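Notebook open. Today I look up charged side chains and how they pair.

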Amino acid sequence: MARRVLGDGIILRGAVVQIGPHAIDRSRWSWDSTKSNPFWCPDAEMVPVWETFLDETRKAGSSAGAIVEVEATGIPAGWGAPIYGKLDSELAGAMMSINAAKGVEIGEGFAAAALSGEENADQMRTGNDGARFLSNHNGGIAGGISTGQPVIVRIAIKPTSSILTPVQSVTRDGEEVDVRTVGRHDPCVGIRAVPVAEAMLACVLADAKLRHRGQTGK
């Protein structure tokens, strides 16, 4: 329903960009690759690496975390608000409500802390179609409002605690125990988070569109 509200002009898609310590090479990014492997991986050369890593993780009775990246293109400038209802804060809250999510980045995210002001600034120049941005370090949102550039969000998914390896814990009576989860074992729940994150992105953007239309009539 949220995608229908957004319309055909807005494209939402997602990918897994890291599993455990193994991150993709962004120079090899291909959205087509995400459709041809079970990991939603945009880097075809990383697929066999992840296969081997997850197989070893599963056999060891452990689990691995992941980073999921979602993107929305076709978003017009002006959605959101400078204080209450900031688009980036709404996105962060929605993404953190996903089970196992432990971190959210928008645009450069935490990497922005290592940049200088001029490096992180999305500077502008005039092109054939009017003003244009020279970069998108802020992930399509500035001051809580969409800029018209692609909205880019990443979430960190923790390794599931339901593993075959015994984990130390304490009962409610204070007794020390070792907990071992038996049965079906999923070594990386982050892979499952891609369509969930896409859906959350769609819901937040649909709300922003309707709110903007209610305020401006457009």
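How many salt bridges does a search of the whole structure find? I get 11. I count a salt bridge when a side-chain nitrogen of Lys or Arg lies within 4 Å of a carboxyl oxygen of Asp or Glu.

I note that this is a predicted model: local features need pLDDT of at least 70, side-chain atom pairs pLDDT 80 or more, while totals for chains, interfaces and linings use all residues. Residues are numbered from 1 along each chain as its sequence is written, and side-chain values use heavy atoms, without hydrogens and water.

Entry: Arg3 and Glu198. I find them in a salt bridge, with the closest N and O atoms 3.1 Å apart. The pair links distant parts of the chain, helix α1 (residues 2-6) and helix α5 (residues 193-216), 195 residues apart. Helices here are DSSP runs (H or I, at least four residues), as are strands (E, at least two), numbered from the N terminus. Arg3 is partly exposed at 40% relative accessible area, whereas Glu198 is buried at 12%. My cut-offs: buried is under 20%, exposed over 50%, partly exposed in between (1.4 Å probe, protein chains only).

Entry: Glu69. I see a salt bridge from Arg26 to Glu69 at 2.4 Å, N to O. Arg26 sits in the loop between β2 (22-23) and α2 (47-59), Glu69 in strand β3 (residues 66-73). Arg154 also meets Glu69 in a salt bridge, at 3.5 Å. Arg154 lies in strand β9 (residues 151-157), 85 residues apart from Glu69. Glu69 is buried at 5%, and Arg154 is buried at 13%. Arg26 is partly exposed at 45%.

Entry: network. I find Asp25, Arg28, Asp43 and Glu45 linked by salt bridges.
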